[in-house]
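Hi everyone, thanks for coming. Please have a look at the sequence and structure on the screen, and then we'll walk through a few spots together.

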Amino acid sequence: MSAAPAAPPRRPVPAAAEASTTTPAPPLRSPLHFLPLHGRRLRAAEWITVALGIYVLITAVTLIGSGFKLAAGQSAGELFQFASNPFVGLMIGLLATALTQSSSTTTSITVGMVAGGLPIEIAIPIMLGANIGTTMTSTLVSLGMARDRETFRRAFGAATVHDMYNLLSVAIFLPLELMFGVLRRSSEWLTAQTAGSDGGMIAGVFTGLGEGVRALTAPGTAGLTYLVSPLPDVAAGIVLVLLGVVGILAVINLIGRLLKVLMVGRAQQVLHAAIGRGPLSGIASGTLMTVMVQSSTTTTSLAVPLAGSGTFTLRQIYPFTIGANIGTTLTALIAAFAFTGAEAGAALQAAFVHVLYNVFCAVLIFGLPLLRPLPVLGATWLAGLAVKSKLYVAAWVLGVFIIIPVTLIMATVW
Amino acid sequence: MSAPNGSARQPSEFDSLPAGPGPGGGPDESGPRPGSSDARADGRHSPAGPNPAATAHAGTDEASILELLADAERTVALLREELTERQRARARAERTAAQHAEVDRLAEHLANAQVHWGHVRSFLEAAVAELQHQPPDR
């Protein structure tokens, strides 16, 4: 009887390496890898594509604004009457972002619609909902680490700390907004300083930038508007809005993928510099990282393997995700430059709502020792449940991101 | 660190201390060492009973022992504190090094920072199986 060959002894694998093997990582590849270009030429092509992508993004936002105005005329508010209930607006933002996996898409579309006549009171809850919806992606990313209990506990905790933070933010700021109009008033003031006729030098710079961008994007918008002009106003407006939405969806994804490749070295420098420097550095690095890749989803999803490996603690990941919330507001600001005149003021106000909301949340929740630990405690509790039963995870993901929003919207519409 | 059994005892600063009662409070079996101050100061060997001067001297010796003990305890506490601090610093340095190493793999993590729908489906299937009280196949 021949003895079976003895299996070689398994080398002990460090926790970090173990975690990384749970999900095979595809290589980070440029979306332009199919081009016969390499090195500097490929980089140049990638940067040109990013610039074109931003051009398309701004044009698409303009199309949404024009289309919405054309379709709704003076009754944009009536058209969105069903969303006048702030909770429905919140759920629309949440659902739209969860489905597109991009808060930038939702906020850019909202900016365009505000420029087209959507009342800011309706737009604000939609933007707040977008913040919650964007957290679904990192939660789904963490499910890929479910093979190992401890890895999953850490990864799911890192994903849901963003959920908890955003839910707490809405729980605080939605009532404040409904009672006092905190975001509406502060964004109105900031818009007056930066886009109003009496805004001084800053307003001059903003207006100049806006007009420059508008001059560049106007031909594209005018061409597409001309193409749909034979259609009745409402149909033409709807076509323009749809074109704008498709354009935004396409380019935001493309820009994000390109910037990941282009900015990975810089992002590494930022993260290396932030290590061991405390929570404020964490917020700053999360903000910079998100600005560089133009996607909070990428930043928060990145936090999942970093925490899952056990190398970064949940408390270290938490400020990083707060920074992601702040960094992602840049996209809506870029989108706001698509407009001039009164439209520009409205669009800029919508973009400022997003900026101010995320800054206020960071200052209030992270600034108050009473509130600061709550998201971490909530995420730790939920992660504890998640490793006990997968049903808790399924209930959380489906309930928070799908079932509750759909039910609320349906109940209001019907 | 204690010396291994059987090894030659190294002289220490405590060798100059007076020998006290042995373990259990009884008289020290070895008695005072010849030539030591204890042999001169120990009242037990005085034929005329306890010598007050010797008793006073013994009291002073005890006080110095207590002082030495307190010193030793302070030193031990300081050493423990130093050791803990060094262990913490080493753990921090190791953790920081591990974090830098993890950031060095950023490209891999960024590539991986996306939803793998296959994993999501497997997870939900496992959840449904759990709901039906059937253990998942895998």
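Let's start with a question: how are α9(A) and α16(A) oriented to each other? Before I answer, a word on what we're looking at: this is a predicted model, where local features need pLDDT of at least 70, side-chain atom pairs count only at pLDDT 80 or more, and totals for chains, interfaces and linings use all residues. Residues are numbered from 1 along each chain as its sequence is written, while chains are lettered from A and ligands numbered from 1 in the order in which they are written.

Now, the answer. Helix α9 of chain A covers residues 182-195, helix α16 of chain A covers residues 341-367, and their axes come within 8 Å, crossing at roughly 125°. Helices here are DSSP runs of H or I with at least four residues, numbered from the N terminus. Axes are lines fitted to C-alpha atoms over the stretch in contact, with angles from 0 to 180 degrees between N-to-C directions. So α9(A) and α16(A) are oblique to each other; under 35 degrees counts as roughly parallel, over 145 as roughly antiparallel, 65 to 115 as roughly perpendicular, and the rest as oblique.

Who meets whom there? Among the residues of α9(A) in this contact are A:Leu183 and A:Leu190, and α16(A) brings residues including A:Leu348 and A:Phe352. Contact means C-beta atoms, placed from the backbone, within 7 Å. By class, this contact has nine nonpolar, six polar and one charged residues. Ala, Val, Leu, Ile, Met, Phe, Trp, Tyr, Cys and Pro are the nonpolar ones, Asp, Glu, Lys and Arg the charged ones, and the others, including Gly, are polar.

Next, another pair. Helix α2 (residues 39-72) and helix α5 (residues 103-115), both of chain A, pack at about 40° with axes 7 Å apart, which makes α2(A) oblique to α5(A). Their contact has eight nonpolar, three polar and no charged residues.

Now to A:Val251, in helix α11 of chain A. Is A:Val251 buried or exposed? It counts as buried, because it has 24 C-beta neighbours inside 10 Å; buried takes 20 or more, exposed 12 or fewer, and partly exposed lies in between. A:Val251 touches A:Gly53, A:Val56 and A:Leu57, leaving aside residues up to four places away in sequence.

Finally, the two chains: their contact takes 33 residues from chain A and 25 residues from chain B. On chain A's side, the largest share, six residues, comes from α11(A).

Key. Helices (H or I, at least four residues) and strands (E, at least two) are DSSP runs, numbered from the N terminus.
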